[in-house]
Amino acid sequence: MALLRTHGTLAEQHFATLINPQRRLSERSFGVNGIRAEDLAAAPLFAEVATRLRQLCAGAVLVAHNAPFDMEFLHTELAHAGLPPIDICAIDTLAIARRLDPRRPSHSLSALALALGAAPPSHRAMDDVLALRVVFADLAARLARQGITTLGDVLRYARGFSPGEHEPPAPPPIATALREGRLLRVWYSSRTLPQPTERLIRPIEIVKQRQTLFLRAYCYLREDLRVFVLDKLRNVELAGRPGEG
């Protein structure tokens, strides 16, 4: 885990540590990052660094490549530690890169960093953060040339909406769930499950892709992040909050 807090071009604080996952390290993971089981055994538990993490995030905007995945991972670990989610908005550089360069063969952090002449990420957390810093600076400059300079416009652009573009209001139950952090119980059919299936989901955001509106959410049936065609959601009902019941 690594965080770098910046203000403009100035790096103010940084934090990097291994985390003891309290489970066996897979051979595949070792092949990717070279981290040894004995290194993790001596590392702190997530709960032991959660306070420091909250301090660094206070009043900040998170920038991450595939931010929804990172935020889901972070909030899951906080929940396991008996702690509430961090109230922070996140800029997704992966979504922005895909919108700016839809025909690029790869939008991975490594490919974007190499294209800018930066040191590629090494699958060690702080190296990835430093590569992301270079990539984000380039993306922000390109957005600014299109007149996208405010945080609100950047977040809307990452979700598929241009500045000034009308965004249809979310249906009332979905709008309430997004605003209050509530769960939704819905019926939905997909390619893999064509028969409508009841699902419990935690809405994250509404995105637009090719003129179609989707709801990005954590699906408890799949135990993963999913996107749902907004118009295909049926019998949408508010449920409780994560961790209740």
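Good morning, colleagues. Let me state the ground rules. Residues are numbered from 1 along each chain as its sequence is written, and side-chain values use heavy atoms, with hydrogens and water left out. Because the model is predicted, local features need pLDDT of at least 70 and side-chain atom pairs count only at pLDDT 80 or more, while totals for chains, interfaces and linings use all residues.

I begin with confidence. By pLDDT, the predictor's confidence in each residue on a scale from 0 to 100, the chain averages 89, and 93% of the residues score at least 70. Confidence is lowest in helix H1, residues 27-33, with a mean of 52. It is highest in helix H5, residues 93-100, at 97.

I call a residue buried under 20% relative accessible area, exposed over 50% and partly exposed in between, using a 1.4 Å probe and protein chains only. Six of the eight residues of H5 are buried, so this helix is largely enclosed by the rest of the structure. Those buried residues are Thr 93, Leu 94, Ala 95, Ile 96, Ala 97 and Leu 100. What do they pack against? Their partners are S3, strand S4 (90-92), H6, H7 and H8, where contact means heavy atoms within 4.5 Å.

Take the pairing of H5 with H8. Two packed helices are described by the angle between their axes and the distance between the axes. Axes are lines fitted to C-alpha atoms, for helices over the stretch in contact, and angles run from 0 to 180 degrees between N-to-C directions. The axes of H5 and H8 come within 8 Å and cross at roughly 70°. The two helices are therefore roughly perpendicular to each other, given that angles under 35 degrees count as roughly parallel, over 145 as roughly antiparallel, 65 to 115 as roughly perpendicular and the rest as oblique. H5 contributes Ala 95, Ile 96, Arg 99 and Leu 100 to the contact, and H8 contributes Val 154, Tyr 157 and Ala 158.

Several of these names return in the nonpolar core. Such a core is a set of buried Ala, Val, Leu, Ile, Met, Phe, Trp, Tyr and Cys residues joined through side-chain atoms within 4.5 Å. The largest one has 18 residues, of which Ile 96, Leu 100, Val 135, Leu 139, Leu 143, Val 154 and Tyr 157 touch the most other members. At least two residues each come from H5, helix H6 (109-115), helix H7 (125-145) and helix H8 (151-158). H7 gives the largest share, five residues. Not counting residues up to four places away in sequence, Val 154 touches Ile 91, Ile 96, Leu 143 and Ile 148. Another core, of 14 residues, lies apart from this one and includes Val 49, Leu 56, Cys 57 and Ile 86.

Is Ala 64 buried or exposed? At 4% relative accessibility, Ala 64 counts as buried. Beyond four places in sequence, Ala 64 is in contact with Asp 70, Ile 91, Asp 92, Thr 93, Leu 94 and Leu 132.

Asn 66 sits in the loop between strand S3 (62-64) and helix H4 (67-80). Its phi is near 70°, a positive value in a residue other than glycine. Asn 66 is partly exposed, with a relative accessible area of 31%, and, leaving out residues up to four places away, touches Asp 92 and Leu 94. Asn 66 and Ala 95 are 29 residues apart in sequence and 7.1 Å apart in space, C-alpha to C-alpha.

Gln 211, in the loop between S6 and strand S7 (212-219), also has a positive phi, of about 70°, although it is not a glycine. Gln 211 is exposed, at a relative accessible area of 67%.

Finally, Pro 203 lies in strand S6, residues 197-209, and is buried, with a relative accessible area of 8%. Leaving aside neighbours within four places in sequence, Pro 203 is in contact with Ala 177, Leu 178, Arg 182, Leu 184, Leu 215, Arg 216 and Ala 217. Thank you.

Key
Helices (H or I, at least four residues) and strands (E, at least two) are DSSP runs, numbered from the N terminus.
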